[in-house]
Amino acid sequence: MENRHSVSMAETSRMNTEELRANFLVPNLFVDDEIILVHSHEDRVILGGAAPIDEPLWLQAPEEVRADYFLQGREMGVFVIRGTGVVTTDGDRHELPKGGCLYIGRGVRDISFASEHDEKALFYFFSAPAHTSYPTASVLPGQGDIRELGDQEHANRRTLNRYIHEDGIQSCQIVMGLTQLHSGSMWNTMPAHTHDRRTECYLYLDVPDDARVVHLMGDPNETRHLIVANNEAIISPSWSIHSGVGTQAYSFIWAMAGENKSFDDMDHQPIDTLL
Ligand SMILES: O=C[C@H](O)[C@@H](O)CC(=O)C(=O)O
Ligand SMILES: [Zn+2]
């Protein structure tokens, strides 16, 4: 498992492109026939990618978490981002189409990811420490709590769908969902915000090969950017804004963990405060 240590706002303000990307961009989560894990010391979240081709892939506890199995002291949210995916949780089978979401609670021992169709499945997951066990539960695409945001004039019309949240699938810490930009809209999360109580990660998806997302990060008074391609993730510490503009429409899975699960507990950063 790759480990990312926390870096301060002051260090970040002095980083060059390579250093920013090494600390905040996760470009390599999906490798055929492998499960890739990246641990961030920001709220101890783990980002994962699973790309099973012919055989199921079994999730093991990495050495660093010192546990008998991955979810001994953790919980996780999983999204299928390509094809139809099959996840087994202690022998229970969950088949999910692209865009489907599965929450797996603390205490589930045996987890596998598999492709059972011609189009090979791709799974993205986000895990955080958990103090108790909530039931494993799934949601089909579009069946979460929907908010229509933005307007054409601001090129930010988007559908935000909350799956794991206070009033949806229950969890200890994780709040997770999907935002889809409408065709012709490019901006997410502008005006930007921070949330001093939670780390947030974005996985950008459905970004065409010849498109990129310019992701804005950093202290609101000292912003930086990352150029992000399809299926790349970013880690946003609690002090960082997280906003982006694509060269065309795209989607992203957002996931948070930290002090509370209140989606609207944001520290808004009015546009005239950004530098
Ligand atoms: O804290 C919440 C997160 O930043 C995202 O949910 C924002 C988002 O999906 C959007 O505005 O489109
Ligand atoms: Zn946020």
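Leaving aside neighbours within four places in sequence, which residues is His-242 in contact with? I began with this question, bearing in mind that the model is predicted, that local features need pLDDT of at least 70, that side-chain atom pairs count only at pLDDT 80 or more, and that totals for chains, interfaces and linings use all residues. Residues are numbered from 1 along each chain as its sequence is written, and chains are lettered from A and ligands numbered from 1 in the order in which they are written.

**Entry 1: His-242**

I found that His-242 is in contact (C-beta atoms, placed from the backbone, within 7 Å) with Thr-189, Glu-200, Tyr-202, Met-217, Ile-234 and Ser-236, once neighbours within four places in sequence are set aside. I located His-242 in strand E22, residues 241–246, where strands are DSSP runs of E of at least two residues, numbered from the N terminus. I noted His-242 as buried because 24 other C-beta atoms lie within 10 Å, the limit for buried being 20 or more other C-beta atoms within 10 Å of the residue's own, all placed from the backbone.

**Entry 2: the annotated site**

I then turned to the UniProt record, an unreviewed entry, whose "binding site" annotation covers His-193, His-195, Glu-200 and His-242; such annotations may be inferred rather than shown by experiment. These residues are spread over 50 residues of sequence, yet they cluster in space, with a largest C-alpha distance of 11.3 Å. I placed His-195 in the loop that lies between strand E17 (192–194) and strand E18 (198–205). His-195 is buried too, since 23 other C-beta atoms lie within 10 Å, and, not counting residues up to four places away in sequence, it touches Ser-238, Asp-265, Met-266 and Asp-267.

**Entry 3: the seven-stranded sheet**

I traced an open sheet of seven strands in the order E1-E3-E4-E11-E6-E9-E12, with mixed pairing, where two strands pair if DSSP finds at least two bridges between them. Strand E1 (2–4) and strand E12 (137–139) each have a single partner strand, so one side of each is left without a neighbour in the sheet. Within this sheet, strand E3 (residues 35–40) and strand E4 (residues 46–50) pair in the antiparallel sense over five bridges, and I noted that His-39 has Ile-46 in E4 as its bridge partner.

**Entry 4: the four-stranded sheet**

I also followed an open sheet of four strands, ordered E5-E10-E7-E8, in which the pairing is antiparallel. Its edge strands are E5 (57–58) and E8 (92–96), each of which pairs on one side only. Two bridges join E5 to the antiparallel strand E10, residues 111–115, and Leu-57 has Phe-113 in E10 as its bridge partner.

Technical notes:
A residue is buried if 20 or more other C-beta atoms lie within 10 Å of its own, exposed if 12 or fewer, and partly exposed in between; C-beta atoms are placed from the backbone. Two residues are in contact if their C-beta atoms, placed from the backbone, lie within 7 Å.
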